[in-house]
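Please read them alongside the sequence and the coordinates.

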Amino acid sequence: MKLFLITLALAGSRIVFGQVENKSNKMVTDNSFQTILDKTVDNKKVFGASFAIKKDTIVWKGASGNLSIDQPYFIASTTKLFTTSIIVKLSGENKLSLDDKINKYIDKSILTGLHIYKGRDYSEELTIKHLLSHTSGLPDYFQGKGTSGKSLENEITEGNDQFWTFEQAIERTKKMPPLFAPGTKRKANYSDANFQLLGKIIERITHKSYAENCQEFIIHPLGLTKTYLYQDSTDQTPKTLFYKSNELNIPQAMTSFGADGGMVSTSIDMLIFIEAFFTGKLFPNEYINELQEWNKIFFPMKSGIGIHLFKLPWIFNPTGAVPYFIGHSGLSGALAYYSPKENIFVVGTVNQVAHPDISFKTMIKLTQLIMKK
């Protein structure tokens, strides 16, 4: 997912407030927060927005347009934070090491021919850390061009909804050339294949499905009520995605993503999740520092180990008024981030595949406002 910082369109709609998690939090009903969302929804690029933000004990939750604060939506690649949580938790329980070669968990039939770069086969040298940090060099089965000359992303946004298995995703990956040898210094390439493989590793170690792991390690312990892995293409609970001005109804594709992008959630649930992720409720908090090994991946993002760094360059942020964030986002316009400097947690979506960058503009505006409270 590449980001381009553009001007937000303006328009408006309505608000639905969620509930504060505990009595110590102060619920903010300042209309200026709602105005930000209302101006984001222009019914041209964005038809609905749902966000929640927390700083210390101050919490605001709201929605606009065709989304309500408790409406489930596809979080797309923000799912990768769920996968990272499970992998790091398993590491903390000594059930795996991030330095483990993935051939310990992945069948040879899957690995054979997966990573051949400049005539050398690196398939057996790939590690869990390479996958988590996108330093494997593997191409992206979803956004990379296939033998047809089109990417899966292109096909799907053109209305060609389709289903694929883990094996088919890996076979598609094998037909694309790797970009570099695993672990090449200062090299990263965003690839959904990495997280397809991580999902399979989780299943091999736990002898449970990825969905069951999410339920056991994350959803149930945190009391998330509307978060789940999308597996049934007849399930119409999540809000339909938009691509430009049209609804993008792709249930088969959404059941195919799994560990790289298949979760459904709400802004209420995601605020609970992102705070738990960064405060030691899902795995030992000391791991957070270890995850922050940054490599350039796409402007203005850097890839860490299972998380991303969003930091505006000086030219766009000369006064340093916008803090840096760590977390993840998705092509659907969903995001979940934490500002360590300001102790701000922010989640949400604009539910727009063609303009996911608008979520970042919205996040920045909400952040600047809550910093004044």
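**Notes on the predicted model**

1. Strand β2 (residues 48-55) is mostly covered, with eight of its eight residues buried; buried means under 20% relative accessible area, exposed over 50%, and partly exposed in between (1.4 Å probe, protein chains only). Strands (E, at least two residues) are DSSP runs numbered from the N terminus. The model is a predicted one, in which local features need pLDDT of at least 70 and side-chain atom pairs count only at pLDDT 80 or more, while totals for chains, interfaces and linings use all residues. Residues are numbered from 1 along each chain as its sequence is written, and side-chain values use heavy atoms, with hydrogens and water left out.

2. In a regular strand the side chains alternate between the two faces of the sheet. From β2, G48, S50, A52 and K54 point one way and A49, F51, I53 and K55 the other, and all are buried.

3. β2 pairs in the antiparallel sense with strand β3 (residues 58-65) over eight bridges; two strands pair if DSSP finds at least two bridges between them. A52 has K61 as its bridge partner in β3. The two strands form a hairpin with two residues between them, and D56 in the turn has a positive phi of about 55 degrees.

4. β2 is also joined by six bridges to strand β16 (residues 344-349), and these two run antiparallel. Here K55 stands opposite I344.

5. An open sheet of three strands has the order β4-β10-β7, with antiparallel pairing. Its edge strands, β4 (73-74) and β7 (228-229), each pair on one side only. Two bridges join β4 to β10 (residues 263-265), and F74 stands opposite V264 in β10.

6. Which residues have the most contacts inside the largest nonpolar core? They are I128, L197, F273 and F277, in a core of 63 residues. Such a core is a set of buried Ala, Val, Leu, Ile, Met, Phe, Trp, Tyr and Cys residues joined through side-chain atoms within 4.5 Å. A second, separate core of 31 residues includes L37, I58, F325 and V346.

7. Leaving aside neighbours within four places in sequence, F273 is in contact (heavy atoms within 4.5 Å) with L81, F82, S85, I218, L222, L224 and L282.

8. W314 lies in the loop between β13 (308-310) and β14 (325-329). W314 is exposed, with a relative accessible area of 64%.

Methods: Helices (H or I, at least four residues) and strands (E, at least two) are DSSP runs, numbered from the N terminus.
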